[in-house]
Amino acid sequence: MQTKDHKVLVANRGEIAIRIVQACRKLGLAFTCVYTAEDAASGHVRIARELGGDKSLCRVSSYHDANELMAVADDAGATAVHPGYGFFAEDYRFARRVSQRDRKLIFIGPSWRVIRELGDKINTKRLARSLGVPTVPGSDRPIYDEMEAEKVAQSLFEFQEQQGVRKPLVLVKASAGGGGMGIEEVYDIDLFRSVYRRIRNYALRQFKDEGVLIEQRIRDFNHLEVQVVSDRSGRNPVHFGTRNCSIQSTGLQKRIEIAPGFDPSSIEYGFDAAQVLRDITQHSLAMARKVGYDNVGTWEWIVTRDGRPFLMEVNTRIQVENGVSATIARVRGQKGVDLIAEQIRIGLGEPLGYGQEDITFEGVGIEYRLIAEDPDNRFTPWVGRVDGFGWPERPWLAMHTHVPSDDPYDIPTEFDPNLALAIIWGKDLAEARERGVEFLDTLVLEGANNAGEPLRSNVRFLRDNTGRILKF
């Protein structure tokens with residue numbers, strides 16, 4: 001089947017659903033969107049209806065119901081499923097089901113075997129170490145024996161002391177956990193056994209697996225990413241540069257992303273920043289080649305103040321922040337890179353069609369996540385109605401939002417209160433910062449809750465932190 005003959009089920013909502021629809025239109029593909037009752041006013045419903053008519057929309061009870069999504073795909077005659085991010089995007093069982101059911105569909109993402117292999121953090125760590133890729137010091141397999149765990153912890157405390165760390169810390173983590181669940185810090189080896197037992201028991205209750213990981217707790221670092229793209233051959237992955245995601249909420253949720261990951265041309269670092277960026281991209285590509293990576297993915301890194309990189313994990317999906325990488329990327333000198341369109345195109349079987357030598361980078365990109373939340377109250381989500389939302393059009397600005405600018409919008413309480421992504425481009429870091437501040441200062445974002453209290457957002461937090469982007 002030729003690419004243009006496919007029809008894509010957009011199995012997501014909001015901003016990412018809109019961008020998938022736009023990418024499908026760019027590629028000449030038909031699409032079908034889903035929505036829940038709570039999302040009836042979302043922009044992805046409007047654009048689906050405008051571009052595809054009522055037949056391009058189907059109401060579902062939940063975005064989490066795989067059976068319902070498969071029924072919609074069959075009824076619509078879809079040949080492929082795009083999971084977006086979140087929901088089923090990194091669920092290898094869902095990807096396997098999509099591709100192995102009687103009426104087979106194409107999963108727009110890595111193959112299910114790759115998702116399974118790299119979605120396992122322990123397996124990823126082993127793979128990285130086998131290739132000489134630096135990982136956070138600690139165990140690379142679940143530990144079930146208390147004496148062995150204490151021995152590993154003791155060695156990590158001694159290692160940190162040798163490195164000059166004044167207050168060594170060790171993380172005790174449930175190996176089957178995720179999302180920050182089942183993790184505690186230990187600052188004294190004498191307390192280790194009680195913490196180990198507590199985490200082991202928690203892991204057994206919550207995950208039916210009492211395996212525990214012991215790792216060094218690294219502080220004072222920057223959070224970097226490498227954007228990798230590869231076609232179904234899995235043989236020739238390329239990278240679309242690096243990102244810095246260090247400006248986060250108190251809950252360690254990203255709020256500002258910048259591409260590239262460092263800017264040694266304008267900021268002085270205490271290490272060879274350009275070499276670190278080269279190293280993490282080459283390490284990421286080496287791992288991608290080893291596993292036969294066959295779609296888009298992100299390798300997540302931490303870089304310490306003295307310039308030591310450690311691989312954290314691999315995200316086998318399109319990231320929220322894909323657009324900030326695209327805004328500085330050029331393929332054969334051409335602007336307008338669309339990583340979501342590339343993901344769909346190669347996911348449907350087309351060859352990548354270019355190599356690393358064809359990809360160049362120009363300028364600096366900043367992505368702001370505009371969210372209805374209260375940064376002064378631990379970033380608590382704000383619930384209410386958006387009455388006014390607008391911004392001046394600029395050639396260096398791209399806005400991605402599902403929030404209508406011509407009608408009031410009640411923020412659904414069932415989902416995170418993300419409002420928009422604003423992507424800024426500048427010829428250098430100074431211009432990107434200046435334009436970022438201009439955007440935030442001219443943004444109109446107004447509303448109220450049921451008590452009549454004004455809308456709370458993170459706009460001031462974003463502005464206050466713009467001056468320190470890419471600084472250590």
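1. Asn12 itself sits in the loop between strand S1 (7-10) and helix H1 (14-27); helices (H or I, at least four residues) and strands (E, at least two) are DSSP runs, numbered from the N terminus.

2. A word on the source: this is a predicted model, in which local features need pLDDT of at least 70 and side-chain atom pairs count only at pLDDT 80 or more, while totals for chains, interfaces and linings use all residues. Residues are numbered from 1 along each chain as its sequence is written, and side-chain values use heavy atoms, with hydrogens and water left out.

3. Is Asn12 buried or exposed? Its relative accessibility is 3%, so Asn12 counts as buried (buried means under 20% relative accessible area, exposed over 50%, partly exposed in between, with a 1.4 Å probe and protein chains only).

4. Two backbone oxygens are worth a look here. A polar atom of the Asn12 side chain lies 2.7 Å from the backbone oxygen of Pro83, and the Asn12 side chain reaches the backbone oxygen of Tyr85 at 2.9 Å.

5. Next, the helices. H1 and helix H2 (residues 43-52) pack at an angle of about 20°, their axes 8 Å apart (axes are lines fitted to C-alpha atoms, for helices over the stretch in contact, and angles run from 0 to 180 degrees between N-to-C directions). The contact is made by Gly14, Ala17, Ile18, Val21, Gln22 and Arg25 of H1 and Gly43, His44, Ile47 and Leu51 of H2.

Methods
A polar contact is a pair of N or O atoms within 3.5 Å; within protein, one must be able to donate a hydrogen and the other to accept it, and residues adjacent in sequence count only if both atoms are side-chain atoms. Contact means heavy atoms within 4.5 Å.
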